[in-house]
Amino acid sequence: MIKALIDLIFPRVCSYCDVPLYEGEAVLCTKCRHDLPLCEWTNSQDNVITDKLRGRVDLQFADALLYFEKRNKTQSLIHDLKYKNQKHISSYLGKWHASMLATQKWTKDIDVIVPVPLHSKRLKSRGYNQVEDYAKEISGTLGCTFDNRLLKRNHYSRTQVFKNRLSRTEVIEHNFILNSNHNYEGKHIVLSDDLITTGSTAEACFLELQKIKNVKLSLLVMAVA
Ligand SMILES: [Zn+2]
């Protein structure tokens with residue numbers, strides 16, 4: 001009753017096309033949800049992401065929910081999540097991805113899911129890490145640990161400024177620090193992020209994570225460009 005009243009006063013609308021949402025719909029109307037380009041990869045060991053990181057990281061498995069292109073609906077959704085204070089898009093995509101991951105064999109032995117951390121300055125201005133609720137939904141569905149303290153973001157470096165002086169990887173590597181207070185030796189750790197483009201952020205995180213003895217490393221992202 002109260003919810004119906006609130007919906008009447010502040011109608012919930014599709015985050016893409018602004019049509020009012022029906023009960024049971026969240027974030028997107030059914031049409032826009034259908035239009036989103038799902039990856040639906042059948043091979044989690046040989047795909048666009050494993051190709052991007054080949055030779056850079058010893059990656060076991062990787063999966064993405066959506067394809068990201070300039071001006072497509074995925075871009076709009078990720079943009080709203082990061083810059084329009086629409087935090088709920090994170091858990092929406094997490095629930096969706098989790099339901100698909102739950103049927104994949106490789107996800108059965110995941111021990112812990114680690115979101116890519118935000119620098120504290122950005123966390124303060126945005127108010128939330130846009131990857132955390134996505135990662136929490138997946139850890140809840142798969143029954144593994146969520147850990148947002150294993151990686152810490154170091155100083156806020158402006159990559160462009162240093163680009164000419166140091167190699168890109170060298171600079172970014174120092175952006176993340178592994179918290180040595182953990183018991184993940186020999187565990188299967190999954191890094192999660194919103195978007196993978198060149199893979200350099202993920203690579204920088206993995207450089208830290210692979211300092212843990214005998215770890216298995218995998219990657220889950222909302223979208224891949
Ligand atoms: Zn719509």
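Residues are numbered from 1 along each chain as its sequence is written, and side-chain values use heavy atoms, with hydrogens and water left out. Because the model is predicted, local features need pLDDT of at least 70 and side-chain atom pairs count only at pLDDT 80 or more, whereas totals for chains, interfaces and linings use all residues.

Cysteine 14 lies in the loop between α1 (2–9) and α2 (30–35), while cysteine 32 belongs to helix α2, so the pair ties together parts that are 18 residues apart in sequence; helices (H or I, at least four residues) and strands (E, at least two) are DSSP runs, numbered from the N terminus. Both cysteine 14 and cysteine 32 are buried, that is, under 20% relative accessible area, against over 50% for exposed and in between for partly exposed (1.4 Å probe, protein chains only).

Strand β7 (residues 216–224) has eight of its nine residues buried, so it is largely enclosed by the rest of the structure. Strands count as paired if DSSP finds at least two bridges between them, and β7 pairs in the parallel sense with β1 (residues 59–67) over seven bridges and with β6 (residues 188–196) over eight bridges. Valine 221 in β7 is the bridge partner of alanine 64, and aspartate 193 also stands opposite valine 221.
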